[in-house]
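Here are my notes on the structure, as numbered points. Please read them with the model open.

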Amino acid sequence: MYTVADLRKGLKIILDGDPYIVIAFDFAKPGKGQALYRTKMRNMINGTILDRTYRSGETFETASLEERTMQFLYKEDNTYHFMDNKNYEQIVINEDALGDAKNYLIDNLQVDVLLFRDKAIGVNLPNFVNLRVIKTDPWAKGDTSGSDSKPATVETGYTLRVPPFIEEGELITIDTRSGEYSTRVKG
Amino acid sequence: MTHNWRLSHKRNVLADRACIIGEIRRFFNEGGYLEVETPLRIPAPAPESHIDPLPSASWFLHPSPELCMKRLLAAGYGRIFQICHCWRAGERGRLHLPEFTMLEWYRTDTGYYGLMDDCEALIRSVGDVIGLKERLVSRGREISLQGPWEKITVSEAFNRYTPYTMAEALQRDLFDEIMVRDIEPRLGITGPVFIHDYPAARGALARLKPDDPSVSERFELYIDGVELANAFTELTDAAEQRSRFLHEQETRLSLGKTVYPMPEKFLEELSHMPPAAGIALGLDRLIMILLRASSIDEVVAFTPEEL
């Protein structure tokens with residue numbers, strides 16, 4: 001059980017039977033009035049966003065999500081297949097439930113699969129993943145447009161801005177929290 | 001020992017903060033105010049339903065210097081100001097620190113309208129010192145500090161910004177929620193706003209309006225959606241004050257909160273207090289707004305989490 005005092009970004013609670021994650025939180029107290037806790041929450045199953053304001057004293061059911069380390073196997077149509085390396089059990093997650101995580105899933109990547117009542121509802125990624133660039137324009141030497149980045153598509157189909165010196169076939173590190181280019185992988 | 005990078009980068013902000021506080025002192029000294037210091041640790045804070053003082057041994061760290069400052073008024077001090085730290089348990093957020101800096105000033109020669117003029121003059125003069133040229137600019141928006149600043153009653157604000165009247169909001173017990181969600185974010189967006197005449201029950205130490213006792217002579221100043229100051233024409237009727245404190249104590253009891261002792265010395269001396277008006281201004285928030293910081297954390301050297 002949580003109270004409003006426990007509210008913070010990233011907290012996972014149960015509302016109306018569904019697991020929600022707090023994505024924004026602020027404390028408010030209009031002059032001489034009572035303390036109010038303003039939250040924005042995302043339904044972890046269907047992605048719906050909720051704005052709710054709570055008063056002190058209110059409590060929440062803890063969302064007990066099981067996390068299991070699994071390996072990403074392959075994608076088939078809109079489903080993503082994962083395997084638990086300890087017992088070889090396989091599970092399937094829909095593209096919608098994965099959200100942006102699908103941009104970083106390459107074969108054999110180890111992730112933490114989140115399970116709610118034995119149903120997989122999402123994954124926790126490593127903060128950084130290495131992905132190969134499969135398409136980007138060559139660096140036009142003498143380009144004087146002053147542009148300091150260009151689009152590049154990586155092997156998962158995800159497109160992001162990279163520095164102009166990145167070439168097709170290179171391996172780059174992406175920060176999965178922001179979705180942005182981090183560094184070039186040397187070698 | 002690693003270098004505290006965050007702290008060293010606050011130098012400019014802390015220098016501006018010191019400059020603002022210096023100007024505030026100059027403003028009040030020139031206005032004939034006496035700067036006072038009252039004890040931070042007190043035996044009996046004013047009973048208020050939604051303000052929780054922090055205990056300090058068997059006493060409390062004051063949530064505001066209000067009671068001692070009014071005892072000074074009762075003893076004949078006509079214009080006083082104080083800059084001091086205050087404590088309120090459980091208040092933490094983008095605009096809240098459990099230990100924060102308050103500026104309070106009191107005058108015996110005016111009602112709450114006079115304090116609105118003081119706010120305008122003070123904030124414009126502080127703005128000049130840090131080079132604001134009567135306007136605040138951020139994220140492509142401009143907030144003009146030129147006077148006169150807008151005045152709107154709480155009741156008008158409910159009519160303008162919400163589908164409820166003030167009376168309906170009170171009756172449905174949604175006053176605070178609507179205020180926070182629908183009204184506050186719209187106050188002070190193009191220029192500072194005074195929102196005034198609060199429901200009588202929302203000003204435990206304020207005088208009721210003589211021609212409409214359903215509201216109190218109380219205002220709040222907002223700039224850019226942020227509540228900066230709370231002011232009222234002071235209640236000077238000691239019997240009425242005692243009965244309101246008792247009512248606040250009962251509310252606390254019903255909410256399961258600690259009930260602290262009645263401030264007897266204050267009540268005894270209140271009957272000697274001449275008509276007066278007083279105001280409490282959150283200094284950290286004012287500095288945050290003037291420096292266009294996005295959080296109160298950015299304008300203090302240390303937050304509680306950094307200690």
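**Notes on the predicted model**

1. Helix H2 of chain B has four buried residues: B:Arg17, B:Ile20, B:Ile24 and B:Phe28. They span an arc of only 65° around the axis, which puts them on the same side of H2(B). An α-helix makes a turn every 3.6 residues, so residues three or four places apart point the same way. Please keep in mind that this is a predicted model.

2. What covers that buried side? The cover of the buried residues of H2(B) includes strands E1 (34-35), E5 (79-87) and E6 (99-107) of chain B. Helices H4 (112-129) and H10 (283-290) of chain B also belong to this cover. The face of H2(B) turned away from the buried side carries exposed residues, among them B:Arg11, B:Asn12, B:Asn29 and B:Glu30.

3. The length of H2(B) checks out. Its 20 residues, 11-30, should span 28 Å at 1.5 Å a residue, and the end C-alpha atoms are 29 Å apart, which agrees. After H2(B) comes B:Gly32, with a positive phi near 80°.

4. Helix H8 of chain B (residues 238-254) can be read in the same order. Its 17 residues should span 24 Å at 1.5 Å a residue, and its end C-alpha atoms are 24 Å apart, in agreement. Buried here are B:Gln241, B:Arg244 and B:Phe245. Viewed down the axis, the buried residues of H8(B) fall within an arc of 105°, so they line one face of the helix.

5. Helix H9 (264-270) of chain B is included in what covers the buried residues of H8(B). On the face turned away from them, H8(B) carries the exposed residues B:Ala239, B:Ser243, B:Leu246, B:Leu253 and B:Ser254. Just after the helix, B:Gly256 has a positive phi of about 75°.

6. Now a hairpin in chain B. Strands E7 (residues 135-138) and E8 (residues 141-144) run antiparallel and are joined by four bridges. B:Ser138 stands opposite B:Arg141 in E8(B). Two residues lie between the strands, and B:Arg139 takes a positive phi near 45° in this hairpin.

7. Chain A has an open sheet of six strands, in the order E1-E6-E2-E3-E4-E5, with antiparallel pairing. E1 (2-3) and E5 (49-55) of chain A are at the edges; each has a single partner strand, so one side of each lacks a neighbour in the sheet. Seven bridges pair strand E4 (residues 36-43) of chain A with E5(A) in the antiparallel sense. A:Arg42 has A:Ile49 in E5(A) as its bridge partner. Helix H7 (residues 175-183) of chain B packs on this sheet and touches E3 (18-28), E4 and E5 of chain A. The direction of H7(B) makes about 65° with that of E4(A).

8. How many residues does each chain bring to the contact? Chain B gives 18 residues and chain A gives 13 residues. On the chain B side, H7 and strand E13 (226-233) are the elements that give two or more residues. H7(B) supplies the largest share of that side, five residues. The chain B side divides into two nonpolar, six polar and 10 charged residues.

9. Is A:Ser149 buried or exposed? A:Ser149 has 12 C-beta neighbours inside 10 Å, so it counts as exposed. A:Ser149 sits in the loop between strands E12 (128-136) and E13 (150-154) of chain A. Apart from neighbours within four places in sequence, A:Ser149 is in contact with A:Arg161, A:Val162, A:Pro163 and A:Pro164.

Terms used:
Residues are numbered from 1 along each chain as its sequence is written. Chains are lettered from A and ligands numbered from 1 in the order in which they are written. This is a predicted model: local features need pLDDT of at least 70, side-chain atom pairs count only at pLDDT 80 or more; totals for chains, interfaces and linings use all residues. The expected span of a helix is 1.5 Å times one less than its number of residues. A residue is buried if 20 or more other C-beta atoms lie within 10 Å of its own, exposed if 12 or fewer, and partly exposed in between; C-beta atoms are placed from the backbone. The arc is that of the directions from the helix axis to the C-beta atoms. Two residues are in contact if their C-beta atoms, placed from the backbone, lie within 7 Å. Two strands pair if DSSP finds at least two bridges between them. Axes are lines fitted to C-alpha atoms, for helices over the stretch in contact, and angles run from 0 to 180 degrees between N-to-C directions. Ala, Val, Leu, Ile, Met, Phe, Trp, Tyr, Cys and Pro count as nonpolar, Asp, Glu, Lys and Arg as charged, and the others, Gly among them, as polar.
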